[in-house]
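This briefing sets out the fold, the strand pairing and selected loop residues of the protein shown below. Please keep the sequence and the model in view while reading.

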Amino acid sequence: MCALRVIVCRTMCSVSKPVLRMTIHNGSVISARERSQVAGNRRNTLRWDLSPAEIRTATDSLINRVKMVYDDIGALKIENVSVENTLNALANAKLEYVSSRHVLDFPQYVCPSKEVRAASTEADKKLSEFDVEISMREDVFERITALQNKLQDDLLPEERRFLNRLVTLGKQKGLHLSKDIQEEIKRTSKLISELSIEFNQNLNEDNTFVVFSEHELGGLADSYLNGLDKTADGRYKVTLEYPHYYPLMKRCHNPESRRRMETAFHSRCKEVNTAILEQLIELRAKVADLLGYSSHANYVLEINMAKNARNVSEFLDTFYETLKPIGIKERKYILALKKRECLMKGLPFDTQINAWDLPYYMNQVEQCKFAVNKDKLIEYFPLDVVTEGLFGIYQELLGLAFTEVEHAHVWHENVKLYSARDTETGEEVGQFYMDLHPREGKYGHAACFGLQPGCRGPDGKRRLPVAAMVANFTKPRKGFPSLLQHHEVETYFHEFGHVMHELCSKTTFSEFSGTLVETDFVEVPSQMLENWVWEKEPLRRMSRHYKDGTPIPDNLLDKLIASRVANTGLMNLRQVVLSKVDQTLHTSSRADTAEVFANLCKDILGVPATPGTNMTASFSHLAGGYDGQYYSYLWSEVYSMDIYFSRFKKEGIMNPKVGKEYRRVILEAGGSVDGMDMLQTFLGRSPRQDAFFQCKGLTKSQETKSV
């Protein structure tokens, strides 16, 4: 079975992971008849107060129900297979499964109770093992292939796509191979699933902090210090959560404090997760070899736009060659800034840029070259104002209206639930949760979790999609509202774009609902929407000074927008590094992960990894849905820029006609159409890459190329 992905911001180095929901009635598992009634129910019936015992019971019940459907299909006589008893039966089973998982394994990311989080994680492991079992049903595969041979020419386009996808996935599981090989693949796949869950659980439960004196935190604003807990002797406890880590790395004047923080951050779960990741690499390579693929990367890329590792390598190498001279120029400037500061402060100058120097001096580049005062800028982005502006922009652009659901059942008092309706028809399009502040045990990154698919139910009516946006923006505290850095506003806009992708989905099958598109296309819609936080009109709508409500001064706004091209070489080279780390690990049968990262970081970025650390131990993309596919962020950004500059920038960034066409062609289609076909329909031509380089402040002298 296919579980929904968690879609995450690339800058957070997070991962896509399956999350789940269970249909419960009055605290017990519902009957078959009631289940049928609920299957046609368009409402959000999610419950978030299940006890650990209820989670365990519901997990077993869900597995048994879905297994019965597969048993029935597997028992059909080959000559009797039909769309109704095979394809539609599988579609309905998949819909019930994916619509019944989320209250079972989503709590591991957000529930305040550690006991419930643990039970949810165990449910995730059990259901993931069941995913492997159900995907390896040779009897069902035989009936699917028989149906394909029998009815290929008599199916609707999405039915044909669904059937062909099932056959392809079956072959990728080795169901056309011998029993011995199938059993080996099954055993190995279960272990891969279990280890991936463990990898991310370790990160979610990590609560490391570093202690500093006030002097050691020189350069950080009072608002930052006021948000920190203190030790008994009055020193500050700085956690590794993003609202603590990134401001310190960008603004703390003390290089030793930055070194300690960077070392701790890239040593999270180092021993245990390094061992897990290196085992995962070997196991994935083993499965790929059993299936006849030359590498795990080639295995996972087969159904992506890129198709194979060679195309990805060529894509990344081309990017590297374009960015290389820009990176050299930017490093030279940063090194000069460091040398000057060391001379002024009497600090030793070691003639190199260290990992703990990079964010600090990149921040200085923005201040020196573009004069962006981030301490002043943050005062204009209180979370409530940003949310109000963001909602307004999305509503106007996509033809939607959001209203808060009163007395909603949520998992924490700070969580809110909203309903989205179509402004023309008044029809409810979907619902979404907003969980925006950090707390102990909560998922530590920014992500969109799909909770219910937006597809056709067994009764022929569209199911109501539900999604959750989970983030970790600074909490309001001691007279200060939650204030966002501009990059957090960008993250907010990006992740909410994924929420809209989930809610606008209108597919026939849950297999293609929302963000269930090719992995190297999934970021296109949200990356495209990031452009709005670099335009004056949207920025004005999302900002007001938190004290007196005054707008951002024009000169500060102009400097912010101009700073978009700051450090563009180094930032994109870092993406090339991470993409090549992923590709190197997953085109190998085994690897020293710390060494691979260190070598590529030095060779491409020109900055050595901090000795004794291993960034890949917390690179959770590699343990969940982006293994062999991290390149997708750069790949899809090329397309997203083409969409924005060719349609929205040209025809009006708040043009509702273009926005509604975008909703219809890109968002509503989900994965029911190839990404390239959607692009060509919306653009009216094949996509090109020059908009990407122009946006980044880079120009390509050669002729415009099609991607």
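In strand β12, Val466, Ala468 and Val470 point one way and Ala467 and Met469 the other, and all are buried. Buried means under 20% relative accessible area, exposed means over 50%, and partly exposed lies in between, with a 1.4 Å probe and protein chains only. Strands are DSSP runs of E with at least two residues, helices are runs of H or I with at least four residues, and both are numbered from the N terminus.

The model is predicted: local features need pLDDT of at least 70, side-chain atom pairs count only at pLDDT 80 or more, and totals for chains, interfaces and linings use all residues. Residues are numbered from 1 along each chain as its sequence is written, and side-chain values use heavy atoms, leaving out hydrogens and water.

**Strand β12 and its partners**

- Strand β12 covers residues 466-470, and five of its five residues are buried, so that the strand is mostly covered.
- Strand β10 (residues 428-435) runs parallel to β12, and five bridges join the two. Two strands are said to pair if DSSP finds at least two bridges between them.
- Strand β11 (residues 447-452) pairs with β12 in the antiparallel sense, over five bridges.
- Met469 in β12 is the bridge partner of Cys448.

**Strands β9 and β10**

- Eight of the eight residues of β10 are buried, so this strand is largely enclosed by the rest of the structure.
- Strand β9 (residues 416-422) runs antiparallel to β10, with six bridges joining them.
- Ser419 stands opposite Gln431 in β10.
- A hairpin is formed by β9 and β10, with five residues between them. In its turn, Gly426 has a positive phi of about 80°.

**The open sheet β5-β7-β6**

- Three strands, in the order β5-β7-β6, form an open sheet with antiparallel pairing.
- Its edge strands are β5 (209-212) and β6 (229-230), each of which pairs on one side only.
- Strand β7 (residues 236-239) runs antiparallel to β5, and four bridges join them.
- Val210 stands opposite Val238 in β7.

**Loop residues**

- Thr351 lies in the loop between α15 (309-345) and α16 (358-370). Although Thr351 is not a glycine, its phi is positive, at about 65°.
- The relative accessibility of Thr351 is 55%, and the residue therefore counts as exposed.
- Ala371 is placed in the loop between α16 and α17 (374-377). The phi of Ala371 is near 55°, a positive value in a residue other than glycine.
- Ala371 counts as partly exposed, because its relative accessibility is 37%.
- Gln485 is found in the loop between β12 and α19 (486-504). With 9% relative accessibility, Gln485 counts as buried.
- Apart from neighbours within four places in sequence, Gln485 is in contact with Arg251, Lys374 and Ile378. Contact means heavy atoms within 4.5 Å.

**Overall fold and surface**

- The protein has 28 helices and 12 strands.
- Its radius of gyration is 25 Å, close to the 27 Å that the globule rule gives for 707 residues, so the protein is as compact as a globular protein of that length. The radius is taken over C-alpha atoms, and the rule is 2.2 Å times the number of residues to the power 0.38.
- Taken along the principal axes, the C-alpha atoms fill a box of roughly 85 × 60 × 55 Å.
- Of the 707 residues in the protein, 60% are buried.
- Among contacts between residues at least 6 apart in sequence, 76% join residues at least 24 apart.
- The protein exposes about 27,200 Å², of which carbon and sulfur atoms supply 50%. Accessible areas come from the Shrake-Rupley method with a 1.4 Å probe; for residues, only the protein chains shown count as cover.
- There are 91 positive and 94 negative side chains, and the centres of the two sets lie 3 Å apart. Lys and Arg count as positive and Asp and Glu as negative, while His and the chain ends are not counted. Each charge is placed at NZ of Lys, CZ of Arg, CG of Asp or CD of Glu.
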